[in-house]
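The points are grouped by topic.

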Amino acid sequence: MSRSFLGWPVLRQLRGSDPLGRGPAVRSKATESLAPRTATADRVARSVCPYCAVGCGQRVFVKDEKVVQIEGDQDSPISRGRLCPKGSASKNLVTSDLRQTTVRYRRPYGTEWEDLDLPTAMEMIADRLVKARNDTWQELDEKDRRVRRTLGVASLGGATLDNEENYLIKKLFTAMGAIQIENQARI
Amino acid sequence: MAEAHPVGFQWVMEAKSRGAKVIHVDPRFTRTSAHADTFVPLRVGTDIAFLGGVINYVLQNELDFREYVVAYTNAPTIVSEQFRDTDDLDGLFSGFDPETRTYETASWQYDSQENDGAQREDHEMQRETASALQHETHGLSIDSEVRRDETLQHPNCVYQVLKRHFARYTPEMVALTCGVSEEDFLEVCKAWTENSGRERTTALVYSVGWTQHSVGVQYIRTGAILQLLLGNLGRPGGGIMALRGHASIQGSTDIPTLFNILPGYLPMPNAEQHTTLQEWVDAVRHPGAKGFWANAGAYGVNLLKAYWGDAATSENDFCFDYVPKITGDHGTYRTVLDMIDGKVKGYFLLGQNPAVGSAHGRAQRLGMANLDWLVVRDLFEIESATFWKNSPEVETGEIVPEECRTEVFLMPAASHVEKEGTFTQTQRVLQWREKAVEPPGDCRSELWFFYHLGRMVRERLAASTEEKDRPIQDLAWDYPVHGEHDEPSADAVLREINGYEIATGRPLSLFTEMKDDGSTLGGCWIYTGVYKDGVNQAARRKSRHEQDYVAAEWGWAWPANRRILYNRASADPDGKPWSDRKAYIWWDPDAGESGEWTGQDVPDFERTKPPSYRPPEGADGVAGIAGDDPFIMQGDGKGSLYVPQGLIDGPLPTHYEPVESPFRNPLYGQQANPTRKEYERDENRMNPSPPEEHSEVFPYVFTTSRLTEHHTAGGMSRYVEHLAELQPEMFVEVSPALAAQVGLEHNGWCHVVTARSAVEGRVHITDRLRPLRVEGRTVHQVWLPYHWGSGGIVTGDSANDLFGISLDPNVLIQESKVGTCDVRPGRRPRGQAMRDLVADHSARAGVASGAYPLVVTTGPGAASGGKSDGDPTPDPSSGETT
């Protein structure tokens, strides 16, 4: 009992060489066995913060195919390893239990969400897109000018997406004749 | 900047630690103000008056960097004698047509070019199509040598025009208009000018709330004029830095998901002027004009080849005919009003939450409630996906779930760590992200969604014999896929964006390698080089410890990996650095065969064109740019202090009051921007401003901005535990004086009312907002964060519900950083009582039932100009709202 009493951190702090309790006085066997998640990760991906446009470098640590930590990238000449409260919370963003991971469907005049499997949802959306385009196709406008387009389909978004994604979005919609394609840059 | 871009702000702190003086001009004291040497509060919406005052100070005291100004700007250029300024015409420029509220611009042109420049201008069409966005990058088209007076004495030279224009922006006028003391104002003038010139440079940093004004483009123009006069452009430590707000909003402008442009700022063709490939190309390159846009033919053909591959041949004009044509305003606000009118069937929302983030949330939600179908792709169940069950309009009875026909698909999206690809950050730097993990469940990338949607649409139309389906059948849509979910290759898409030689597949290294004969293809000419030497340059991660401060080997900046645009201006006309301290790019006569540009960055100039080069008679295109013309995208190679072409609202910035203001414009009879885009509809009532009566119903000015702990419409922050806990509740920030006047209690409730809606929040009384003295009376300003909605861990009213839709005429961006309002203690009413409150305020303000405030308030159009411009479309919900 006396040995365990003497091992109390506060006594070690007062009696030993660590009066401020920031070194050996507060370490235990359990402490010694701890390792940071960044050290035990299987791999690290070089990434970029998804919030504002500063473009801070992120290192995404992965263990067992799960994101276990996201830290600022010390090598980045833009951010020098720093992240703001949002960037620091981005592990929470990507691992949140609140994330939508299945398709939700609300039928016309419905009062609740329903489940829908992804392939079915994709088929339904493709059907609706083709139909809306057909139903609203304009070969000529009201002044008989050739416009070959649809004003029945619109899209908003892109500022949080990748360049490659924006490229495909604009390419597909342009080929379909949909012109009301916009994003946050207009807002 | 410290609030919304905290990590970027470390560089301001770094500069401060090295002796830089930091000035913060803002309506509200923020974390940025706390770190600034000087904080100057001003009235929201008066930035042109403030900066115009600084310009006047520079010109009256001849403090401009004269050698730079004479050599590199259009200050010496002589403007047409027919030009009349706002000084002469009470706030209008010459050429105003009160019927269309646009300008005929012959009189704005340079001397002897009255017809050349103006014939390309159709301002009504340009306003509808936001064409200034193209002009911004396409520059002026100047066909011939312009008359110049390098002594700057000619009464019609730009320098003298500028001097007269800004002469009335005196320190007294600034104080009267902006509510800034003359002392504070002069301190800013002195600091700015003393820190500019040969040895020193000053940076101007703005956040994009600047763009959210009915005069947003002219705000930025005013900054550009000042920075040009002081020699702060194209030089290290100078420039105009737009702090953009989303991870890749720069990228989504360069490779646009925007209605009026194609990748690389090529215009979406319009049905009137661009009926053939040649017309479209000529509209961009302006045959005979100088500068790099002369090669637009190659840029356009390469895009068409990237879109339609083998089907695009020189015989069929590379399928130019497949590109749909625009005919007017197809912007997001027009489209939302069209949804209300039942003209739009389907709507895709891609990582965007307009129910909270766009101006006039009620109009957004009423629009979504009148679609056939809506596809929402997001990480969380955001408000734009749930408008049918828990929006404010469900509470007021305007949307009844059992009567709302919109079919909604909420499709879960992959996060930034679950896919690979590039973001383009705010300094034009592309950074490739590696994929860390697979997305969970049904979450998929946009790349996956659109690739497979396109594939399925093509399957459905494969057998069609209809001409209208040819562009889809012929589309080059053959991307390699990998993995369990058939994820398309982002790398392959980036290679297409970069461009390559079709026969060999060799990636192009620079846009100058693009051919207009169909032998190369490239999806976005300004991004050519991101795959230089077959290497993904955006993926470069050479540590900052292993390279100089320019850090040219971290990521890749467009164009050509240049970190400072127009950096030729960092050297004097002879090619020598302006000073040793500010050396950046210079001409080395001993380099190469007969001299080269060299320095710390990629020169923004032809590498071997000497400073002494003078174009031969009649030269056009790149050859027409002289060796001492740094602004190579402009037709005359000069920085534009005065802009004869391309802007809808005038060649010079002019102070107009915000559309909603408690004050009469102290400078001119014209109250607000006369050319702004308005949608005069019953659901889009604007609060009255002088000279209209009843502006006292909405006596306070309000503005909105971000909190550090939240992100725009909250879709990526209100659903995140840490962030929700840090900022848990919607609040309304007011000064102690306003709180006393209205009877508000700290931490109690209040609500803010406009002619559109009312929102409530907790009262936050602080000294960070100060009442200002403007035009001899006190004005109170109210501040609101705009992050909340009905979803997420923390909920609250959406500040953007308060705004109406009134747009800048150049780019069709809404005025959503300033409005007038009433503030009342307590919570807002619920249900029908809420609409009654708004209707009552509107009625008292005289804006109920089809009455719209005057737009033109001076000259012959003053009586009728604004009121005849209404949108004839009836408001389907007007029965419930009046």
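Predicted model: local features only at pLDDT ≥ 70, side-chain atom pairs only at ≥ 80, totals over all residues.

**Contact between chains A and B**

- Chain B contributes 131 residues to the contact, and chain A contributes 100 residues.
- On the side of chain B that touches chain A, helix α20 of chain B (residues 446–461) gives the most, with 11 residues.
- The side of chain B that touches chain A comprises 67 nonpolar, 41 polar and 23 charged residues.

**Domains**

- Chain A is divided into domain 1 (2–33), domain 2 (37–95) and domain 3 (104–186).
- The centres of domain 1 and domain 2 of chain A, taken over C-alpha atoms, are separated by 34 Å.
- For chain B, the domain assignment gives domain 1 (41–243), domain 2 (567–630) and domain 3 (677–881).
- In chain B, 51 Å separate the centres of domain 2 and domain 3, again taken over C-alpha atoms.

**Helices α9 and α10 of chain B**

- Helix α9 (residues 171–178) of chain B packs against helix α10 (residues 182–194) of chain B at an angle of about 120 degrees, and their axes are 9 Å apart.
- The angle therefore makes α9(B) oblique to α10(B).
- The crossing of α9(B) and α10(B) is right-handed.
- From α9(B), the residues B:Pro171, B:Glu172, B:Val174 and B:Ala175 meet B:Glu182, B:Phe185 and B:Leu186 of α10(B).
- By class, the residues of this contact between α9(B) and α10(B) are five nonpolar, no polar and two charged.

**Helices α13 and α14 of chain B**

- Helix α13 (residues 277–285) of chain B and helix α14 (residues 296–308) of chain B pack with their axes 9 Å apart, at an angle of about 130 degrees.
- This angle makes α13(B) oblique to α14(B).
- The crossing in which α13(B) passes α14(B) is right-handed.
- B:Trp280, B:Val281, B:Val284 and B:Arg285 of α13(B) meet B:Ala296, B:Gly297 and B:Gly300 of α14(B).
- The contact of α13(B) with α14(B) has four nonpolar, two polar and one charged residues.

Conventions: Residues numbered from 1 in each chain as written. Chains lettered and ligands numbered in written order. Axes fitted to C-alpha atoms, helices over the stretch in contact; angles between N-to-C directions. Helix = DSSP H or I, 4+ residues; strand = E, 2+ residues; numbered from the N terminus. Parallel < 35°, antiparallel > 145°, perpendicular 65-115°, else oblique. Left-handed = near helix turned anticlockwise from the far one by under 90°. Contact = placed C-beta atoms within 7 Å. Nonpolar A, V, L, I, M, F, W, Y, C, P; charged D, E, K, R; others polar. Domains from an automatic or database assignment.
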